[in-house]
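I wanted to look up a few charged pairs and then the nonpolar packing.

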Amino acid sequence: MLYSPVNKFDILPEVNAIDVTTGDGDEIVKLETFADRLLQFKKRTLYIINIGGAVEFLESQHSNMGVENPSQTCKTEYGIAWVNKFGVYLYDGQKITEITRGKLKTVDTTDRARGLNVVENKIPLIGYHALNKWIVVHIASDPSGSFESEAWIYDFKNGSWTWSQEI
């Protein structure tokens, strides 16, 4: 990654490079910032880069926490949230929390135990509703009609999930 000098957005000198990892065969999908951290989302891996000091450095690397599409991450007042086929996560500037763990399955098992239905080739969208303090995960309906459109809503105020087909 290259970055510009302060307030010189159209200049990208090669000396201003951050090499997190090279030759991994993975592409950068999205960059997010929170506090003094840069989150580099690749398709398979998340890299957290500390950019708070004079020198940037890789703080941590997280396998299976990447995203397929930029629409799978969003910024909230609580941190950066993202969704992938393994669950929904929140980085608060200190740690990563899987906010689906113990509360929501990541696949449907029965009609009575609905889950976050992230299936192959279906990319969920995530957004933040600041007024209600909600994370909304939307899984678009399949054009062939093989599954319905659905949304999962995480409420920061009480830490609960709600399912809805009213999108």
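I looked up Arg37 and found it buried, at a relative accessible area of 13% (buried is under 20%, exposed over 50%, partly exposed in between, with a 1.4 Å probe and protein chains only). The model is predicted: local features need pLDDT of at least 70, side-chain atom pairs count only at pLDDT 80 or more, and totals for chains, interfaces and linings use all residues. Residues are numbered from 1 along each chain as its sequence is written, and side-chain values use heavy atoms, without hydrogens and water.

Next, the partner. Arg37 and Glu59 meet through their side chains in a salt bridge, 2.9 Å from N to O (a Lys or Arg side-chain nitrogen within 4 Å of an Asp or Glu carboxyl oxygen). Arg37 sits in strand E2 and Glu59 in strand E4, so this pair ties together parts 22 residues apart in sequence (strands are DSSP runs of at least two residues, numbered from the N terminus). Glu59 is partly exposed at 33%. I also noted a salt-bridge network linking Asp36, Arg37 and Glu59.

I then checked Lys133, which forms a salt bridge with Glu77 at 3.3 Å between the closest N and O atoms. Both are in loops, Lys133 between E9 and E10 and Glu77 between E5 and E6, so the pair ties together parts 56 residues apart in sequence. My count of salt bridges came to seven.

Last, the packing. The largest nonpolar core has 14 residues, and Val88 and Trp161 are among those touching the most other members (a core is buried Ala, Val, Leu, Ile, Met, Phe, Trp, Tyr and Cys joined through side-chain atoms within 4.5 Å).

Conventions: Helix = DSSP H or I, 4+ residues; strand = E, 2+ residues; numbered from the N terminus.
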